[in-house]
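Have a look at the picture, and then we'll take the labels one by one.

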Amino acid sequence: MAVAGDRGSLAAAPGSAGRWRWRWLGSVGLALLLALVGAIWVQSRQATLLNETVREGSDYVVLMVFQNEAEYLRLREEWQRAIDPSQPLDAAALQLRYDIWVSRVGLLHNQETQKAVADHADFRPTMRQVDAFVAEADQILGAQPSQPLTRQALAALMPALSALGGPLHGLSLRASHNVGEQIAQRNEAVRRHNQVGLALTAFLLALTLAFALIALRQVRQLEQRRATLEELAASLRLARRDAEAASSAKSVFLANMSHEIRTPFHGLMGMLSLLRETGLTPRQIDYLRTATESADHLLAILNDILDMSQLESGRMTLAPAPVDLRVMLREVEALMRPQATAKALALHIDADPSVPERVMADATRVKQVLFNLLSNAIKFSDRGAVVLDLRQREAADGRPELHFVVSDSGIGMDEATVASLFKRFTQGDSSHSRRHGGTGLGLEISRNLARLMGGDIGVSSRAGEGSIFTFRMPSQPVVAAPAPSALAGTETGITPRPLQVLVAEDHPVNRQYMAALLESLGHEAHFTANGQEAVEAIRARCSRPQGGCFDLVLMDLHMPVLDGVGATRAIRALPDPAAATVPIVALTADAFPETRDRCLVAGMNDFLTKPVSPQKLAASLRRLFGAAGAHELPAAPPPPAPLVPAGSPPLLDRAAIAAALQAMPRERLAAMIHGFLDQGPQTVARLRAAVRGAEALELRVNAHAARGAALNLGLAALAATAEALHEGASHLPALEIARHVERFEALLPLTREAAVAAGLHLPTQRRNGAPESAVT
Amino acid sequence: MLTISGRLRSPNDGTVANFDMPMLERLPQSHFTTQTPWYAQPRKFSGPLLRDVLAAAGAHGTMLRAVALNDYWVEIPFEDSARHDVLVARLLDDKPMAVRDKGPLFVIYPFDARPELRSPVYYSRSAWQLRAIEVR
């Protein structure tokens, strides 16, 4: 309010006061101008006066008149001497005197002289008298005298000459007085002008002072305004700092809160999954499904907010570790393929040969970015293909960079959309946001993560022609450690001890697979078919006085009666400390971070996604038991074929099969695959029954179980179809679901053919094949 | 007609230099027409330049005293003769001047050529009915 008020007064000031000041300045300026013009006029008047004086030479006239009188007196003296009979007549001297005097008389006829003395009443009679005398005298003293120069003639003229004395003297006095008066007048004029000049100068002084005052006022006002502005700026700086502090505090609060919210929320989700197993009516199951989906969605939003607030408050830290890029891409593909398949989109994921095997990176965050970009690409494409290309390029500074290029054939974006793309809460097109849902934080989080890694995300897109997102990050290759030559290498010097492992897994094929896997690592496997049985088995075995509790529980998440999360909570709640602290590792077909969070919140120690390769299992064992758990296994052999051939997903996942073959002999894997395929028709029958009865949950459970087993055995096409069924169970129309079931059925013989072609022959004594371990 | 006395290098009559009208006529002649306080109209003055007359007498000094027939005298700085084209006029409108016409010789400044000369100082230095010049 204070700031607004200040600004208000600032804005009002230039209005009236400013106009007033301008008027003032204008009138003062005009007055100054007038005063200066006046001063110039006065000075020019003075100059004119002076010029007049000089030209008229009126003071000089006085001298002339006096000299005339003087010459007259000298002539009269000479004249008297000439008529004196006692002295000789000096005609030449008289002539000279006379001529000199006449020349002086001539001057009196001069205009200037007349000006000086003309107003004198006696001037004209005097001049007439003088002229008359000269006319008479010229008869004897002129240039052509008509009479001889004699004493008599001179004597006759003497009285007339003497008579001139008085008038000429009067003329002298008069001229003197006149000139004196003129000088007095001129002095008066000069004095007047001086006064005017003085007044003008005083006026100028006053105006200059006024100007100075206004200028001073202006400067002071400017100073004040500057001070006000500075104050304002200071308060704004302060306000900004406060706002930033508040924003940062809010981010920290948000980060804390979303983290805090997640804990009870996981409890809520666990309870929801327990509730499902309590014999609900179909309507309750439907409600529960909706609640679970809402909870999943909410968790995703919470995770986004947590990421965002951590990024904003600077609490997000990366944990770079050696990452096998191609393995990571396969994991990404495994997760994204179902989404792509569900929309009938082709998904191509490929890495350039120049890309190093392993780099230092935070795999979780890199995958998060890739998931986001691929999900978007799939979300906004209705046909065609979504492609992820990994290349290595040189950055502007010459360092190597990894470029994850995600291109789609989707709706694309116009320039304005691209410009607003990375802003918070925006989606490509607001009309699509209702259709596609989401927090709108995904891209912002991705870009921030990319920048945190020292890279960035760029985009190029044209409306209707799809989009290309490029995720760049610095490539820091890891110097490859010498790989152990054999599975059971003894480089560490510690021989792994056999572990007692309980596997809670409802699908028989998966049980066989896990048995083979554990056996290959030198451990002993025990099985239960659901969570409830697992809890019972642990309670029974760990309370035995002779000891021998399980070293580890591998817990499938989706099981009938009691699922993995529920069983984990039950185990952690057991009174016996040995039983309650047994390490539990989740087995699941979905790699969603929220699923992982759910497991860890429920009390599990680790998390393995299917297909479970020997490497993954060994790594998890090492994490839990150190070198005693398992030797480091060589990296999974690279797949013989490109990651994804064009078109639909392949029937077999050669990478997964190669991994499985590391853990078990070919015959055993072949037996498992054919066993799974043999059970196919029953699975199809169960799925059909579920579709007919509109039992979505039943459908999901069956599809999920089939998917987990198919993933472990490397039956990619079947796994993808089962995934589509699992995903679509709750929202796809029945007809669509039936189509997926048909496809599943159709894939069974095709997969078998492909398996045989890959060298996984039907064993001769199939019926006596792989043993199915019972619960101990 | 004109007697120059005082500091002379080439006097022609004892210590003075006497000039008669033919001698003045033989010097380089010059003329100008100018307004004066003594005549209503501009008049033409002709005659030798003062500096030529002084040079003919070998005059050198700082001050001249011009003396008129009526014993009027006025002091003229020597440098005036160099700085201004001061005439020793012997003709007025191409006619010889009688004494009553302020002749026969008239020291005259070119008032119209130099406005700064139109002041009482130079009017008073214009000695007419010139009789003698004393060089000091």
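Q: Among contacts in chain A between residues at least 6 apart in sequence, what share joins residues at least 24 apart?
A: That share is 72%. A contact here is a pair of residues whose C-beta atoms, placed from the backbone, lie within 7 Å. Keep in mind that this is a predicted model, where local features need pLDDT of at least 70, side-chain atom pairs count only at pLDDT 80 or more, and totals for chains, interfaces and linings use all residues. Residues are numbered from 1 along each chain as its sequence is written, with chains lettered from A and ligands numbered from 1 in the order in which they are written.

Q: How do you know what confidence the predictor has in chain A and chain B?
A: Look at pLDDT, the predictor's confidence in each residue, from 0 to 100. Chain A averages 79, and 85% of its residues score at least 70. For chain B the mean is 88, with 100% of the residues at 70 or more. In chain A, pLDDT stays under 50 over residues 427–437, and residues 482–494 stay under 50 too. For the complex, the predictor gives an ipTM of 0.80 and a pTM of 0.38.

Q: Why is A:Ile411 called partly exposed?
A: Count its C-beta neighbours: there are 19 inside 10 Å. A residue is buried if 20 or more other C-beta atoms (placed from the backbone) lie within 10 Å of its own, exposed if 12 or fewer, and partly exposed in between. So A:Ile411, with 19, counts as partly exposed. You'll find A:Ile411 in the loop between strand E5 (400–408) and helix H10 (415–419) of chain A; helices (H or I, at least four residues) and strands (E, at least two) are DSSP runs, numbered from the N terminus. Leaving aside neighbours within four places in sequence, A:Ile411 is in contact with A:Phe380 and A:Gly464.

Q: Which label does B:Asp94 get, buried or exposed, and why?
A: B:Asp94 has 9 other C-beta atoms within 10 Å, so it is exposed. B:Asp93 has 13 such neighbours and therefore counts as partly exposed. B:Asp93 sits in the loop between strand E8 (91–92) and strand E9 (95–96) of chain B, and B:Asp94 is found in that loop as well. Phi is positive in B:Asp93, about 50 degrees, although it is not a glycine, and phi of B:Asp94 is near 65 degrees.

Q: What makes H21(A) roughly antiparallel to H22(A)?
A: Helix H21 (residues 696–713) and helix H22 (residues 716–728) of chain A have axes that come within 8 Å and cross at roughly 155 degrees. Axes are lines fitted to C-alpha atoms, for helices over the stretch in contact, and angles run from 0 to 180 degrees between N-to-C directions. Angles under 35 degrees count as roughly parallel, over 145 as roughly antiparallel, 65 to 115 as roughly perpendicular and the rest as oblique. That crossing angle therefore makes H21(A) roughly antiparallel to H22(A).

Q: Why are H22(A) and H23(A) called roughly antiparallel?
A: The axes of H22(A) and helix H23 (residues 734–757) of chain A cross at roughly 165 degrees and come within 9 Å. H22(A) and H23(A) are therefore roughly antiparallel to each other. Among the residues that meet are A:Leu718 and A:Leu725 in H22(A), and A:Ile737 and A:Phe744 in H23(A).

Key: Two residues are in contact if their C-beta atoms, placed from the backbone, lie within 7 Å.
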